[in-house]
Amino acid sequence: MQRPTKEQIRDLPLYDGISLENIIVVTNKADFINAIAELRTHSCLGFDTESKPCFVKGEVSDGPHLIQIATKSKVFLFPTKFYENFTAIAEILSDPTIKKVGFGLKEDKKLLFRKFGIKLINTEELSSKVMRFAQVKQRVGARVAVAMFFNQRLSKSAQQSNWSIFPLHDHQKRYAANDAHSALLIALEIERQSHSSP
């Protein structure tokens, strides 16, 4: 499997991703109870967080401002300003029987623990998994992995936007959801290809 260049990625069609109606923003206790009930039924979830970017030298992020958890059919977005409504999210993130897959999880782990005391347990870092699977030398991020596996371009246009605002704009919801959702689909695709190869 070849690692595409930045130019090759730029020419790819935009990643379809998950539709807006399947992105659920969780703010109150009722939504949270439904979200947790659904997430508990899965053994593997896509995971990511977003933090408001720091543009001033020496500024420390007070993120994460958003926690994203994906199943194959839905993505749940948890704006952390409503954290008192979903403190039990720690049970999902610390559950050793549910695998959380994503890119750049080391930073997510650090931020979650610093801000909420949440231990992210049973994780799989896809950067190294894709490197091993595709036998490429350089580290692979979500954008490169999506291009390699699905021949599509993951939009990064909302990456530097303000994640501490509420309500989030639609393009932010899509961006955040697709980061977690594409991670899950890549993990599943690696499993599929590993089992189907002779």
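**Reading V140 and its surroundings**

Biologist: Which residues does V140 touch, not counting those up to four places away in sequence?

Modeller: Contact means heavy atoms within 4.5 Å. V140 touches R3, F103, S127, V130, M131, A145 and M148. This is a predicted model, in which local features need pLDDT of at least 70 and side-chain atom pairs count only at pLDDT 80 or more, while totals for chains, interfaces and linings use all residues. Residues are numbered from 1 along each chain as its sequence is written, and side-chain values use heavy atoms, leaving out hydrogens and water.

Biologist: Where is V140 found?

Modeller: Helices (H or I, at least four residues) and strands (E, at least two) are DSSP runs numbered from the N terminus. V140 is in the loop between α5 (126-134) and α6 (142-150). Its C-alpha atom is separated by 8.1 Å from that of L126, 14 residues apart along the chain.

Biologist: Is V140 buried or exposed?

Modeller: Buried means under 20% relative accessible area, exposed over 50%, and partly exposed in between, with a 1.4 Å probe and protein chains only. V140 has 0% relative accessibility, so this residue counts as buried. Of the 198 residues of the protein, 47% count as buried.

Biologist: How many helices and strands does the protein have?

Modeller: There are seven helices and six strands. Along the sequence they follow the pattern α-β-α-β-β-β-α-β-α-β-α-α-α.

Biologist: What share of contacts between residues at least 6 apart in sequence joins residues at least 24 apart?

Modeller: In this protein that share is 68%. As for extent, the C-alpha trace spans about 45 × 40 × 35 Å along its principal axes.
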